[in-house]
Amino acid sequence: MSRSLHVTLIAALWILLWVVVTLIETAPVLHNTRIPLWLSLSAVLLPIVFATAWAAWELRSAQFTRPALNPPWPWFRHHLRRLPFFLVLMFVATYLTNRLLLHTFLPLHILVPWALLKGGVLYCLWLALIFSSLTVGKMRQDDERLLSAQRALAEAQLAQLQAQLRPHFIFNALNTVSALMHTDIGRADRVLAQLGDLLRASLRVDRRDEVSLKEELELLERYAGIMRERFDGRVSLQWDVPAETLPARVPAMLLQPLLENAFKHGVEKSSAVERITIRAARHGDELHIDVHNTGPRMNGSAAGVGLQNCRERLYLLYNSHASLDVSDGEGGGVKASVTLPWRPTAH
Amino acid sequence: MAAHGALIRVLVVDDEPPARAKLRRWCSEERDLEVVAEAANGLTAAHLIATLRPDLVFLDIQMPDMSGLEVAAQLQAGSAPLLVFVTAHDDHAVDAFDLNAIDYLLKPYDHERFLRALARIRQRLGSTPREEPAVELARSTLGPGKRLPVPDGDGLRLLDVSAIHWLEADDNYVHVHTAEREYLLRRTLHDLLAQLGEQQFARIHRSTAVNVAQVVILRPTPKGDYEVTLRTGLTLRSSRRYAHNLVPPRSPL
């Protein structure tokens with residue numbers, strides 16, 4: 001709900017409330033013709049002026065503009081704490097009205113409880129009205145927020161899937177199979193099986209967020225296997241992964257886009273034989289994983305969709321305890337480094 | 001040319017060995033095709049097209065050094081071989097191929113689709129005048145050329161277009177002048193300028209064009225021509241007919 005609409009609604013409720021009070025206050029006039037109507041009306045006027053001035057001042061508070069209603073108790077506590085102030089205000093208004101307008105010198109032991117009771121009931125009624133109007137507004141806002149969050153999640157999942165296995169990769173892999181099957185059925189079969197494993201794993205990702213490094217590397221080997229067939233003789237892969245790092249928990253298919261980048265920017269752009277090194281190491285309670293490719297250096301900043309996706313995923317899973325850096329590697333090429341909190345899988 | 005009985009000479013260009021092997025095998029099954037060479041990258045492809053003059057090129061788009069589109073853009077329009085683009089990309093380039101009747105194979109493709117493409121190629125090789133819209137399309141897709149393969153020793157090297165100072169036509173050849181040396185390209189000046197774009201190079205004479213960024217002085221001569229002085233101090237003559245390429249026509253007062 002917009003702020004101006006919110007204020008308008010509160011003002012309307014306020015006026016409605018005082019119309020009711022005025023109607024009740026002026027009811028005796030209908031029976032007692034000795035009291036003129038203007039006098040009855042003016043008797044209500046002073047409390048209205050006092051209370052409205054107070055309400056206008058109150059409306060600036062954050063409890064009205066940005067109320068936190070869940071749980072509702074703090075909101076009520078905040079406003080009930082102001083009740084004494086309101087009661088004093090109402091008492092002064094009633095007292096002055098009685099003295100100046102009506103000239104009825106009611107004794108204080110009657111005037112005080114009467115004024116306090118009237119003010120208290122009025123205040124609680126007012127709070128209940130405001131609370132219900134705020135709640136309705138907030139419910140609608142929550143609905144909208146939930147909807148947009150769900151939409152964002154669905155989009156993120158889709159983008160993730162696309163980042164993991166680009167259609168381009170699948171078509172090229174299929175073409176490799178289509179080329180190999182005329183000459184070497186065994187190799188064609190192997191590429192198909194590897195492609196199948198990758199597709200299966202990419203469909204499974206949303207069900208299992210984290211896998212062990214061992215499983216992740218097995219998948220990476222499938223991917224590398226396909227790429228090795230495609231770039232026959234143009235790339236050598238080196239795995240430098242100590243056994244102690246294998247049980248570490250890592251986000252599923254996190255490394256695959258990094259290896260894909262290494263092939264895309266290192267191997268595909270170069271006619272020479274390039275080397276890709278995948279290295280994992282544990283440093284205390286951190287796990288470091290590097291994917292380093294020889295070949296051309298980085299062209300500008302590394303801001304691809306795939307990397308952006310990896311970073312977002314890391315942030316969602318580990319907050320600021322994980323990072324992904326891409327930089328020019330020592331001795332040429334490009335190095336992507338992932339740092340994750342060390343968390344071994346159970347068993 | 002592919003007259004009756006003559007072989008269609010084919011160049012196969014793809015950076016992936018299995019993909020090349022497949023095309024070579026299928027081409028060799030056709031009686032009228034002869035695979036004269038294979039290339040694993042764009043620069044080699046450009047060199048082989050220039051030296052072997054094949055009739056038909058199967059050209060992969062995504063390659064190291066130079067993409068297939070870059071290879072196509074630097075061919076002399078009108079005398080280029082027929083091109084069949086081979087790609088796994090299903091993007092706007094493919095839409096453009098469809099619109100401009102350009103032959104292409106989408107990876108993965110089967111024998112039937114290969115034969116269908118070949119049937120169209122045979123038809124086009126037989127018809128005169130032969131049109132090759134692929135060169136034009138590659139140029140308009142890539143925009144003004146940024147890199148140009150030039151002959152260097154036995155092979156080609158990629159020259160940064162901004163390093164070119166001026167171009168000099170010599171019949172069907174163009175002398176490409178840079179700070180260090182000059183290269184001889186077998187292209188017409190008109191065709192080279194069409195590739196490099198008129199923003200970057202201005203024709204100042206029937207046989208000369210300059211890199212606009214290299215021009216420092218423009219001096220009118222009494223005959224109504226202009227003298228164009230380059231950053232290097234070299235002075236070239238601009239004929240009246242082409243002067244408007246560098247000097248905007250004066251508005252009548």
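Let's start with chain A, whose secondary structure comes to 12 helices and seven strands. A quick word on terms: helices (H or I, at least four residues) and strands (E, at least two) are DSSP runs, numbered from the N terminus. This is a predicted model, where local features need pLDDT of at least 70, side-chain atom pairs count only at pLDDT 80 or more, and totals for chains, interfaces and linings use all residues. Residues are numbered from 1 along each chain as its sequence is written, while chains are lettered from A and ligands numbered from 1 in the order in which they are written.

Staying with chain A. It has 347 residues, and 27% of them are buried. Buried means 20 or more other C-beta atoms within 10 Å of the residue's own; exposed means 12 or fewer; partly exposed is in between; C-beta atoms are placed from the backbone. Now contacts: two residues are in contact if their C-beta atoms, placed from the backbone, lie within 7 Å. Take the contacts in chain A between residues at least 6 apart in sequence: 74% of these join residues at least 24 apart.

Here is one residue to look at. A:E286 sits in strand β5 of chain A, residues 286-293. Which residues does A:E286 touch, not counting those up to four places away in sequence? They are A:T339, A:P341 and A:W342. A:W342 is 56 residues from A:E286 in sequence, yet their C-alpha atoms are 4.6 Å apart in space. Why does A:E286 count as partly exposed? Because it has 14 C-beta neighbours inside 10 Å.

On to chain B, and its open sheet. Five strands pair in parallel, in the order β2-β1-β3-β4-β5. Pairing needs at least two bridges between two strands, as found by DSSP. At the edges are β2 (33-39) and β5 (104-106) of chain B, each pairing on one side only. Neighbouring strands of this sheet are turned by 20° against each other on average, direction ignored. Axes here are lines fitted to C-alpha atoms, for helices over the stretch in contact, and angles run from 0 to 180 degrees between N-to-C directions.

Look inside the sheet. Strands β3 (residues 56-60) and β4 (residues 82-87) of chain B run parallel, joined by five bridges. B:V57 has B:L83 as its bridge partner in β4(B). Helix α5 of chain B, residues 111-126, packs on the sheet and touches β1 (8-13), β3, β4 and β5 of chain B. The direction of α5 makes about 160° with that of β4(B).

Now the loops around these elements. Most residues other than glycine have a negative phi, and most peptide bonds are trans. B:P108 lies in the loop between β5 and α5 of chain B. The peptide bond from B:K107 to B:P108 is cis, with omega near -5°. B:R53, in the loop between α2 (42-52) and β3 of chain B, is not a glycine but has a positive phi of about 50°. B:D65, in the loop between β3 and α3 (68-73) of chain B, has a positive phi near 70°. Is B:R53 buried or exposed? Exposed, because 12 other C-beta atoms lie within 10 Å. B:D65 is buried, because 21 other C-beta atoms lie within 10 Å.

Last stop: a hairpin in chain B. Strands β14 (residues 226-230) and β15 (residues 235-238) of chain B run antiparallel, with four bridges joining them. B:T229 has B:T235 as its bridge partner in β15(B). Four residues lie between the strands of this hairpin, and B:G233 takes a positive phi near 100°.
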